[in-house]
Amino acid sequence: MASEKSDLLQGTLDMLVLKIVALEPAHGYLIAQRIQQISRDVLQVQQGSLYPALHRLEKRGWLKADWRDSETGREAKFYALTRLGRKQLEAESANWDRLAGAVALIMRTVE
Amino acid sequence: MKRLERRLEAEIAYHIDRVTQNYVAQGLAPQEARRRALLEFGGATQIQEDLRDVHRPRWLADLRQDVVYAARTLRRSPGFLACAVLTLGLGIGANTAIFSLINAVMLRPLPAVREPAGLIQISRVTDHCDACAVSYALFEYFRDRLSSVSESFIEMPIRHEITVDGVDEMVNGDEVSGAYYSVLGLAPAAGRLLGPEDDASPTPVAVISYDYWRRRFGLDPAAIGKSFTYASTTLTIVGVEPPGFEGTERGRTREFTVPLSMTDRMGGGDGRWRQEWDMNSLVMMARRKPGVTVARANAEVAALFDVWRNDKAPTLKEAFDRIRFLKERAAALPGAAGMNGLRAQFWKPLSILMGIVALVLLLACANLSGLLLARAASRQREISIRRALGAGSGRLTRQFLAESLLLGSCGALVGFSVAQWFSRALVTMMANGDDLPLSVSPDWRVFAFTGAVSLLACIFAGLAPGLSAGRVSVNPSLKEVRTGGGHRPLGRVLVVAQLAISMTLLVGASLFIRTLVKLYSVDTGIRTGGVLIFDVTAKHHFPPARSVEIQNAIVARLQSLPGVTFASAADILPLGGGLWTRRVQVDGYTFRPGEDDTAALNAIAWRYFAVTGTPILLGRDFSERDTVGSSPVAIVNQKFVRELFAGRSPLGRHVTQNDVTYEIVGVVKDAKYESLRKGVPRTLYIPWEQQGEMGQANRSQPMAYAYLARVASGDPMRLTPLVEHAMPQIDPAMRMRTPRTFQDHVNQSTLNERMMATLGGFFGLLALIVACLGIFGILAFQVSRRINEIGVRMALGATRGNIVNLVLREVAMLLLPGCTLGALAAAGLTRFANSMLFGVTSTDPTAFALAAAALAASTLAAGFLPALRASRVGPITALRCE
């Protein structure tokens with residue numbers, strides 16, 4: 001099972017979080033679950049680093065957070081994308097596309 | 001912050017609970033599920049800490065960490081902690097104490113006064129004083145013309161006996177002009193204060209201070225309307241000053257205020273003081289108009305005075321007076337801190353002391369820096385490991401700064417308590433046996449000063465070791481075991497710096513001590529030992545004939561007391577700072593224009609020279625036959641003869657002063673007059689009964705004289721109760737006041753010198769101790785580092801003497817540059833103390849030699865212990881250390 005999982009590339013966690021939250025506001029647990037589910041269990045979020053990342057993003061103004069009732073009925077902290085966060089997400093995903101494309105190009109041509 | 005913490009916990013708890021539920025749903029037992037969830041999450045505490053870091057600025061997070069770490073490490077070495085805190089505490093304490101005094105004497109604004117910053121003092125400036133008194137005429141001149149001030153007043157301090165409800169009391173007060181309270185912006189605590197209407201009021205009134213109201217009347221409102229007797233006048237109390245008000249002069253208790261017009265009612269008051277434009281005895285203060293700077297007020301005062309001077313100078317008959325007057329200026333000085341005799345007296349010694357304690361603190365810093373450095377050396381492995389783990393050199397430097405910051409805070413606390421005690425001790429010293437109410441309790445200035453000084457000190461002390469720790473490289477010191485000499489240049493530099501500072505302080509100390517010694521070994525021409533002196537007071541004035549009777553009775557009574565060999569009286573007691581000069585005409589001598597035509601004058605009773613032990617070289621002493629009715633005679637000193645009689649015998653020649661012509665009947669040995677420092681002036685002595693009309697008017701009362709009695713042996717103070725008892729018998733109105741020995745009287749005048757010698761010596765000694773500790777520390781450290789080198793040397797045949805020499809040579813190597821640098825610094829710095837020295841110059845070779853000798857002797861002694869230890873090292877022990 002371990003071999004099927006990959007560590008997140010440094011710096012990509014922020015982008016993934018922004019992307020997940022862009023769909024709809026979510027709390028930490030949900031974000032971790034979504035990343036895992038959507039990547040079909042390939043990407044496993046280090047739970048310990050998720051929360052500092054969330055708080056950092058909130059502090060930078062890319063996320064905004066509020067406490068509201070979760071699906072279990074208990075209060076949880078929900079994160080949502082701000083306008084600034086949306087811009088950041090666009091920039092980062094464009095950047096990622098370029099990077100991924102470049103890496104793929106090399107992998108394909110250089111045998 | 002609390003709320004944030006709770007939120008963080010809740011957020012994490014939610015996450016963990018969800019993961020747990022997930023596992024439970026997958027069929028795990030709840031406990032196992034929770035364990036897994038926690039494991040998966042990682043160290044919750046660590047994450048919370050990371051989260052906190054996100055929310056708190058990075059430097060703050062680091063700082064907290066550094067301080068906690070520093071506290072932990074410091075707790076582990078209590079010896080070092082105590083040593084460092086004590087060193088810093090003494091340094092900071094000394095600085096805070098001296099600053100508190102400077103603050104109390106010249107910075108702290110007048111309490112209770114409205115906007116003290118708006119006050120200015122308007123004064124004359126001459127060669128002799130920066131803030132001289134003004135005359136009433138000059139005050140009126142300024143008051144009516146100055147456009148830069150809104151209101152002004154004059155005042156004169158008085159000290160007098162008053163009688164309240166039949167009880168006599170010696171009190172201080174002020175005679176003030178009408179605008180006094182309105183310029184100062186005060187409101188009465190009870191009754192009313194004085195106003196312009198009191199300037200010419202026929203009813204004598206007084207205002208008492210709040211303290212006196214409390215002390216004497218228990219804050220009883222019935223005190224208003226009470227009367228008391230003051231200089232034969234009955235005054236009615238009309239009001240009380242607000243609490244906290246201390247008058248305009250520092251360091252003086254005051255009980256009451258009366259209108260300046262009271263001067264006219266007092267004995268001898270003939271109104272002359274209002275008319276004579278050069279009778280300068282009043283202090284003038286004013287309030288600036290809003291928006292007017294002190295500089296502008298000053299310019300206006302100076303310009304107005306120019307007109308005044310040009311107007312008045314031609315009216316002066318004597319060329320000498322004219323020349324002196326033409327050099328006078330006037331100025332407006334900032335008056336927020338009041339006007340201040342103390343400032344003039346203590347400005348110089350306090351500023352020099354400030355310099356001295358700054359050096360002491362510098363020394364303490366160097367010492368602490370050395371200690372930190374030695375600690376850093378013993379922590380090199382720890383530092384290397386931390387570097388290897390990725391600590392940046394900036395971070396390591398900060399770590400050391402945190403440590404010294406912590407030490408600095410502890411030092412500041414210790415220093416603050418030391419300062420409280422020390423500044424009180426200093427005030428007692430400055431009071432010189434008197435009462436000096438000077439508030440040295442810390443205010444914001446003192447707190448700010450201590451804070452700033454402590455911060456500077458710990459940055460200064462922590463920087464060197466911090467920087468050197470930053471330079472530690474990873475590899476060598478991890479590998480290092482105890483080998484080699486391992487010269488630590490920074491440590492040596494610090495010790496040299498300590499020695500240099502100590503040297504500077506020691507030079508200063510020996511200069512001040514030598515000044516005091518020289519001052520006391522100066523030939524005064526007066527034997528001060530075994531003489532009692534005292535003043536007298538009377539409840540009222542006497543008619544002239546009765547005065548003379550009482551004066552003579554006092555001297556006669558003194559003479560008859562058991563053990564008294566000679567008794568006499570004098571207008572001016574020599575060596576107490578007083579000087580009375582008069583213009584003289586000498587037959588056979590013509591003064592050149594502009595030449596000083598004055599002589600120091602003293603009016604004395606007969607047997608005066610027998611009491612002071614001043615030998616009569618030629619002619620005779622005064623006798624009881626030289627009285628009001630007999631022909632006037634005078635005695636002069638050698639200098640008078642040298643200068644005005646070209647050294648020939650003056651006996652039978654005549655000298656005139658104050659319209660009385662005296663025949664010179666004797667010559668006495670030169671005796672100092674004004675002070676130990678000042679040279680002997682040409683002096684003219686006249687019998688106290690032969691002062692002439694004008695002199696008599698002011699000096700016809702027994703209170704004008706000081707009385708002296710020489711005893712054959714023992715303490716002259718034992719006469720005190722006898723004199724006290726005798727005074728009312730001579731006249732019921734008479735009392736003895738301030739009995740003291742002549743020696744004490746002289747000591748009063750050497751206060752500054754004694755203070756500088758005591759404190760200079762104290763700080764010199766402190767510096768010596770610190771320097772010795774520094775030397776001891778670095779040598780002990782080096783010996784322990786070189787232990788196997790020493791072992792090898794011993795194995796190769798070095799004797800114990802050789803080893804001792806080896807270590808002591810090390811001391812000499814530090815001592816030489818330390819002494820030289822210190823001597824150079826001292827040569828540059830002691831100039832500032834030049835005016836406080838006597839009999840020595842600021843580059844006195846003896847003082848430098850003494851300082852160097854003291855430093856060398858004590859540091860070699862300090863080095864001897866480690867040297868001895870080194871010589872006891874057995875070769876085997878040394879090699880085993882490897």
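Helices are DSSP runs of H or I with at least four residues, strands are DSSP runs of E with at least two, and both are numbered from the N terminus. On that basis, the secondary structure of chain B comes to 28 helices and 22 strands. The structure is a predicted model, in which local features need pLDDT of at least 70 and side-chain atom pairs count only at pLDDT 80 or more, while totals for chains, interfaces and linings use all residues. Residues are numbered from 1 along each chain as its sequence is written, and chains are lettered from A and ligands numbered from 1 in the order in which they are written.

The overall dimensions of chain B come next. Its C-alpha trace spans about 125 × 80 × 55 Å along the principal axes. The radius of gyration of chain B is 37 Å, whereas a compact globule of 882 residues would have one near 29 Å; the radius is taken over C-alpha atoms, and the globule rule is 2.2 Å times the number of residues to the power 0.38. An automatic or database domain assignment supplies the domain bounds. Chain B is divided into domain 1 (2-55), domain 2 (60-108 + 342-480), domain 3 (116-336), domain 4 (502-522 + 747-882) and domain 5 (541-732). The C-alpha centres of domain 3 and domain 4 of chain B lie 54 Å apart.

Two packed helices are described by the angle between their axes and the distance between the axes. Here the axes are lines fitted to C-alpha atoms, for helices over the stretch in contact, and angles run from 0 to 180 degrees between N-to-C directions. In chain B, helix α6 (residues 136-145) packs with helix α10 (residues 294-312) at an angle of about 125 degrees, their axes being 11 Å apart. That makes α6(B) oblique to α10(B), where angles under 35 degrees count as roughly parallel, over 145 as roughly antiparallel, 65 to 115 as roughly perpendicular and the rest as oblique. The crossing of α6(B) and α10(B) is right-handed, that is, the near helix is turned clockwise from the far one by less than a right angle. B:Leu138, B:Tyr141, B:Phe142 and B:Arg145 of α6(B) meet B:Val301, B:Leu304 and B:Trp308 of α10(B), two residues being in contact if their C-beta atoms, placed from the backbone, lie within 7 Å. By class, this contact has six nonpolar, no polar and one charged residues; Ala, Val, Leu, Ile, Met, Phe, Trp, Tyr, Cys and Pro count as nonpolar, Asp, Glu, Lys and Arg as charged, and the others, Gly among them, as polar.

A further helix pair belongs to chain B. The axes of α24(B) (residues 751-785) and α26(B) (residues 800-829) come within 11 Å and cross at roughly 135 degrees. The two helices are therefore oblique to each other, and their crossing is right-handed. From α24(B), B:Ile775, B:Leu779, B:Gln782 and B:Val783 meet B:Val807, B:Glu810, B:Val811 and B:Leu814 of α26(B). These residues divide into six nonpolar, one polar and one charged.

The last topic is the meeting of the two chains. In it, 13 residues of chain A are in contact with 13 residues of chain B. On the side of chain A that touches chain B, α2 (28-38), α3 (47-60) and β3 (75-81) of chain A each supply at least two residues. The largest share of that side, seven residues, comes from α3(A). By class, the side of chain A that touches chain B has four nonpolar, five polar and four charged residues.
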